[in-house]
Amino acid sequence: MTKNLILAATAAIATLSAMPAFADATTRAKAIETIKRDFEPRGQADLDRLAEDGLQAICNRTNNDPKGDIVKVLEADQIAGIQYPADGKLMGDWKKGERLAQSGRGFTWSDKPGLPVGGNCYNCHQISPKEQAFGTVGPSLYQYGKQRGNTPEMQKYTYNKIFNSKSYNVCSDMPRFGHVGALKPDQIKDLVALLLDPESLVNK
Amino acid sequence: MKQLRIIGAVCTAVTLASAGMASAQSDGVDHAKADAEFAKFRAEMEDSNPAELFELKGEELWKAKRGPRNVSLAESCDLGLGVGKLAGAYVQNPRYYADAGKVMDVERRIVWCMTEKQGFQFADIAKQPFSKGNYTPEITSLVTFVAGHSRNMKFAIPMNDPKVREAWEIGKEITAYRAGPYDFSCNTCHGSDGKRIRMQNLPNLGKQEGAYKGVFGWPGYRMTGGVMLTSQWRMNDCFRQQRFPSPKYASDTVTYLLTYMTGTSNGLIYKGPGIKR
């Protein structure tokens with residue numbers, strides 16, 4: 001009898017503690033429904049931008065922290081879509097990379113479609129010591145190459161990270177610049193050089 | 001005369017400000033110093049707050065009989081505290097309006113009054129709802145006028161109302177929603193402490209202090225650009241930077257975000273209508 005009561009109480013507590021999660025899913029569904037109803041296309045920003053892709057949907061439903069094998073599958077999926085420069089080289093011109101890193105242009109409704117899109121790098125990262133107006137949403141990349149070297153493996157990791165940041169951290173805050181076509185392989189090469197070339201100011 | 005003095009002060013400040021801003025971002029501007037300079041001008045201008053010009057214009061619009069039905073907002077518009085009651089209305093919105101069946105922020109509610117009471121067409125108001133260049137929409141002046149009657153009062157959003165609570169909860173979920181070409185949600189930039197985009201500090205909306213930073217000074221007069229802008233505009237421009245399409249004017253999405261941020265700020269003191277860099 002006592003045992004049954006305890007079991008019932010345990011079950012009740014389990015139900016109660018499950019409720020906030022259930023409520024969250026309901027609220028989330030309402031939030032998505034509201035968003036889908038409330039926007040209009042403007043400039044280059046069409047309504048299809050409101051739809052989640054598979055990865056966004058999973059990040060949105062796990063508070064950006066999915067667990068288990070699904071993470072490996074998703075990351076492998078992102079890596080599989082990476083395209084490399086035609087000449088196979090992953091380090092380009094670091095000075096071109098610096099100019100690209102400075103530009104925050106692109107993809108807003110007020111940007112003209114078709115213009116070259118910026119790397120947006122300084123919006124979020126410290127990079128060259130000459131640029132003091134850097135953001136802090138992402139980690140500092142100052143001396144990135146000096147600390148890591150520029151082995152082929154490091155070049156590939158860095159290239160992949162910029163092409164598709166979700167390759168190594170499935171719900172990373174960083175955009176997938178190559179994956180969404182914002183940056184071309186040759187531009188990403190220049191950004192890799194900015195970070196890894198020993199001549200780059202980043203590594204002085 | 002007072003107006004002339006204000007305009008003079010504003011012109012000087014804007015000229016100096018834009019001289020500082022023009023070369024910003026990429027070429028050695030000391031942004032910390034620029035921020036300090038902006039703060040100095042803001043402090044100096046508090047005595048002759050340019051928002052007051054828009055409050056005066058808004059007062060005329062509030063009291064005048066207008067629209068196809070030739071009624072004034074003063075005699076027809078209830079901002080939640082009774083028809084025509086202004087003191088404290090701004091800091092007690094968003095709130096639920098049974099006559100509209102919606103939670104509304106002040107700007108949306110005034111638009112509702114303009115269409116439902118005065119007979120204006122929503123499409124005409126929504127065509128260019130935000131200030132641009134020399135153009136200031138009537139609705140912006142009206143919101144500034146109403147907000148001026150809550151200056152230095154505590155935010156007191158009626159969070160005990162289940163409809164308001166639900167709007168708050170949905171607003172919170174909207175801040176977490178990632179989509180678009182850059183996978184951004186509001187929280188990508190506004191979800192943790194001490195972050196910046198370039199030199200721009202980003203309040204953490206998940207905390208009271210951060211949510212408050214997002215709402216305490218709007219509507220605001222922007223020194224760069226010289227325009228008066230509302231919270232509705234602020235939310236709209238966030239979605240632009242998020243690379244989203246544009247939220248429809250006076251939509252639930254924006255109201256829910258404002259409910260989330262303002263409700264979280266309850267108990268803290270509203271400082272607008274103010275001056276923004």
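Why does Pro66(A) count as partly exposed? With 16 C-beta neighbours inside 10 Å, Pro66(A) falls into that class, because a residue is buried if 20 or more other C-beta atoms lie within 10 Å of its own, exposed if 12 or fewer, and partly exposed in between, with C-beta atoms placed from the backbone.

The legends below describe a predicted model, in which local features need pLDDT of at least 70 and side-chain atom pairs count only at pLDDT 80 or more, while totals for chains, interfaces and linings use all residues. Residues are numbered from 1 along each chain as its sequence is written, and chains are lettered from A and ligands numbered from 1 in the order in which they are written.

**View 1. Pro66(A) lies in a loop between two helices of chain A.** The loop that holds Pro66(A) runs between helix 2 (54–61) and helix 3 (69–80); helices (H or I, at least four residues) and strands (E, at least two) are DSSP runs, numbered from the N terminus. Leaving aside residues up to four places away in sequence, Pro66(A) touches Ile58(A), Val71(A), Val170(A) and Cys171(A), where two residues are in contact if their C-beta atoms, placed from the backbone, lie within 7 Å. The C-alpha atom of Gly135(A), which is 69 residues apart from Pro66(A) along the chain, is separated from that of Pro66(A) by 27 Å.

**View 2. Helix 8 of chain A is mostly covered.** Chain A has eight helices and one strand, which follow one another from the N terminus as α-β-α-α-α-α-α-α-α. Helix 8 (residues 185–196) has 12 residues and reaches 16 Å from its first C-alpha to its last, close to the 16 Å expected at 1.5 Å a residue, the expected span being 1.5 Å times one less than the number of residues. Of the 12 residues in this helix, 10 are buried, among them Gln187(A), Lys189(A) and Asp190(A) as well as Ile188(A) and Leu191(A). What covers the buried residues of helix 8 of chain A includes helix 4 (94–102), helix 5 (121–124), helix 6 (144–148) and helix 7 (152–163) of chain A.

**View 3. The largest nonpolar core has 30 residues.** A nonpolar core is a set of buried Ala, Val, Leu, Ile, Met, Phe, Trp, Tyr and Cys residues joined through C-beta atoms within 7 Å. The residues with the most contacts inside the largest core are Ile127(A), Ile188(A), Leu191(A), Val192(A), Leu194(A) and Leu195(A). Helix 4, helix 5, helix 7 and helix 8 of chain A each supply at least two residues of this core, and helix 8 of chain A gives the most, with seven residues. A second, separate core of 28 residues includes Ala45(A), Ile170(B), Ala211(B) and Leu258(B). In soluble globular proteins, nonpolar side chains tend to be buried together.

**View 4. Chain A and chain B touch each other.** In this contact, 40 residues of chain A meet 36 residues of chain B. The elements that give two or more residues to the side of chain A that touches chain B are helix 1 (2–38), strand 1 (39–40), helix 2 and helix 5 of chain A, and helix 1 of chain A gives the most, with eight residues. The residues on this side of chain A divide into 20 nonpolar, 10 polar and 10 charged, where Ala, Val, Leu, Ile, Met, Phe, Trp, Tyr, Cys and Pro count as nonpolar, Asp, Glu, Lys and Arg as charged, and the others, Gly among them, as polar. Strand 1 of chain A and strand 7 (residues 246–247) of chain B pair in the antiparallel sense over two bridges, and two strands pair if DSSP finds at least two bridges between them. Within this pairing, Phe39(A) stands opposite Pro247(B).

**View 5. Chain B holds an open sheet of three strands with mixed pairing.** The strand order is 6-5-8, and the edge strands, each pairing on one side only, are strand 6 (227–229) and strand 8 (274–276) of chain B. Strand 5 (residues 220–222) of chain B and strand 6 of chain B pair in the antiparallel sense over three bridges, with Arg222(B) opposite Val227(B).

**View 6. Helix 9 of chain B has buried residues that pack against other helices.** In helix 9 (residues 208–215) of chain B, the buried residues include Gly210(B), Ala211(B) and Tyr212(B). The buried residues of this helix pack against helix 8 (186–190), helix 10 (231–241) and helix 11 (252–264) of chain B.
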